[in-house]
Amino acid sequence: MNVVIAGGHGQIALRLSRLLAARGDTVLSVIRNTAHAGEVRATGAGPVVCDLETAPVEEVTDVVTGADAVVFAAGAGPGSGAARKDTVDRAASVLLADAAERAGVRDFVQISAMGADDPPAPGRDEVWAAYIRAKGEAEDDLRARDGLDWLILRPGRLTGDPGTGLVELAAPPIGRGEVTRDDVAAVIVALLDARGVRRRTLDLLNGGTPIAGAVAALD
Ligand SMILES: NC(=O)c1ccc[n+]([C@@H]2O[C@H](COP(=O)([O-])OP(=O)(O)OC[C@H]3O[C@@H](n4cnc5c(N)ncnc54)[C@H](OP(=O)(O)O)[C@@H]3O)[C@@H](O)[C@H]2O)c1
């Protein structure tokens, strides 16, 4: 499989590219900082520099052309303000989806966030509200597209703990909790293979079901 990962130097993205490259898939990782190229190459992926907040759709279309699937793993990240939640978490996802459609790449997996279609809880700050709004609007954009076989994956709170291989993966709501980035990456690999599981929104937490079984149960 040829997979393009947007936000290729992200913590989930690096784990995902390692897993895909190790089993022989071809991975192109979209980064915005040339200094990250070596670390991305070390996972087995090929880096391509493209800033998804400034690139024209034609450039992104060129990047994704020939891919079997694209994964949106970018995010403005902690420490960013409300404006970049909109330009990355919403607008870069929309840009990637536009590019995928233009390139005829149907499979689109988006890493979103649990609760993305809930109104922001009272008492959360303005940046959190902007983040949840951006994730929700990026999800809505995908759901409205007929040209993509989209899949929205909403992990709970991410941790850097070692993967467990055990998850809870189902349509929301499944409650709140944590999930390791290792397990998120492994679930994305399994979902890329499960071509019948598309046009769905799935919550993800660590749980009690082996990943293969959790994905098989969705088919
Ligand atoms: N933290 C949580 O508990 C939590 C929970 C649920 C979902 N999520 C979501 O899960 C996703 C992945 O999480 P993660 O921890 O792997 O994220 P991460 O490590 O912050 O990675 C995000 C990547 O996006 C890249 N990026 C930012 N702006 C970009 C741009 N303009 N063009 C291209 N790439 C750009 C960043 O590049 P640079 O390295 O150059 O900045 C970074 O490598 C994020 O969307 C996050 O919001 C997080």
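## Contacts between H3 and H4

Two residues are in contact if their C-beta atoms, placed from the backbone, lie within 7 Å. In this predicted model, that cut-off picks out Val57, Val60, Thr61 and Val64 in H3, which meet Leu95, Leu96, Asp98, Ala99, Ala100, Arg102 and Ala103 in H4. By class, the H3 contact with H4 holds eight nonpolar, one polar and two charged residues.

Helix H3 spans residues 57-64 and helix H4 spans residues 82-103. Their axes come within 8 Å and cross at roughly 60 degrees. H3 and H4 are therefore oblique to each other. The crossing of H3 past H4 is right-handed.

## H4 against H5

Two packed helices are described by the angle between their axes and the distance between the axes. Helix H5 covers residues 126-143. The axes of H4 and H5 come within 8 Å and cross at roughly 10 degrees. Angles under 35 degrees count as roughly parallel, so H4 is roughly parallel to H5.

From H4, the contact takes in Ala82, Lys85, Asp86, Asp89, Arg90, Ser93, Val94 and Ala97. H5 answers with Glu126, Val127, Ala130, Tyr131, Ala134, Lys135, Glu137, Ala138, Asp141 and Leu142. Sorted by class, the contact of H4 with H5 has nine nonpolar, one polar and eight charged residues.

## H1 against H6

H1 and H6 pack at an angle of about 50 degrees. Their axes are 9 Å apart. That angle makes H1 oblique to H6. H1 passes H6 in a right-handed crossing.

On the H1 side, the contact is made by Gln11, Ile12, Arg15, Leu16, Leu19 and Leu20. On the H6 side are Arg181, Asp182, Val184, Ala185, Ala186, Ile188 and Val189. By class, the H1 contact with H6 has nine nonpolar, one polar and three charged residues.

## The ligand shell

How many residues surround the ligand, and which are the closest? The count is 24, and the closest are Gly7, Gly10, Ile12, Ala74 and Gly75. H1 gives the most, with three residues.

By class, the shell around the ligand has 13 nonpolar, seven polar and four charged residues. Ile12 is among the closest residues to the ligand, and Ile12 of H1 also takes part in the contact with H6.

## The annotated domain

The UniProt record, an unreviewed entry, places the feature "domain: NAD(P)-binding" at residues 7-193. The end C-alpha atoms of residues 7-193 lie 21 Å apart. The span is 42% helix and 20% strand.

## Backbone exceptions

Most residues other than glycine have a negative phi, and most peptide bonds are trans. Two sites depart from these patterns. The peptide bond from Pro172 to Pro173 is cis, with omega near 0 degrees. Pro173 is found in the loop between strand E8 (166-170) and strand E9 (178-180).

Where does Arg199 sit? Arg199 is placed in the loop between helix H6 (181-193) and strand E10 (200-206). Arg199 is not a glycine, yet its phi is positive, at about 55 degrees.

Methods: Residues are numbered from 1 along each chain as its sequence is written. This is a predicted model: local features need pLDDT of at least 70, side-chain atom pairs count only at pLDDT 80 or more; totals for chains, interfaces and linings use all residues. UniProt positions are given in the numbering used here, feature names are shortened, and annotations may be inferred rather than shown by experiment. Helices (H or I, at least four residues) and strands (E, at least two) are DSSP runs, numbered from the N terminus. Axes are lines fitted to C-alpha atoms, for helices over the stretch in contact, and angles run from 0 to 180 degrees between N-to-C directions. Angles under 35 degrees count as roughly parallel, over 145 as roughly antiparallel, 65 to 115 as roughly perpendicular and the rest as oblique. A crossing is left-handed if the near helix is turned anticlockwise from the far one by less than a right angle, and right-handed if clockwise. Ala, Val, Leu, Ile, Met, Phe, Trp, Tyr, Cys and Pro count as nonpolar, Asp, Glu, Lys and Arg as charged, and the others, Gly among them, as polar. A residue is near a molecule or strand if its C-beta atom, placed from the backbone, lies within 6 Å of it.
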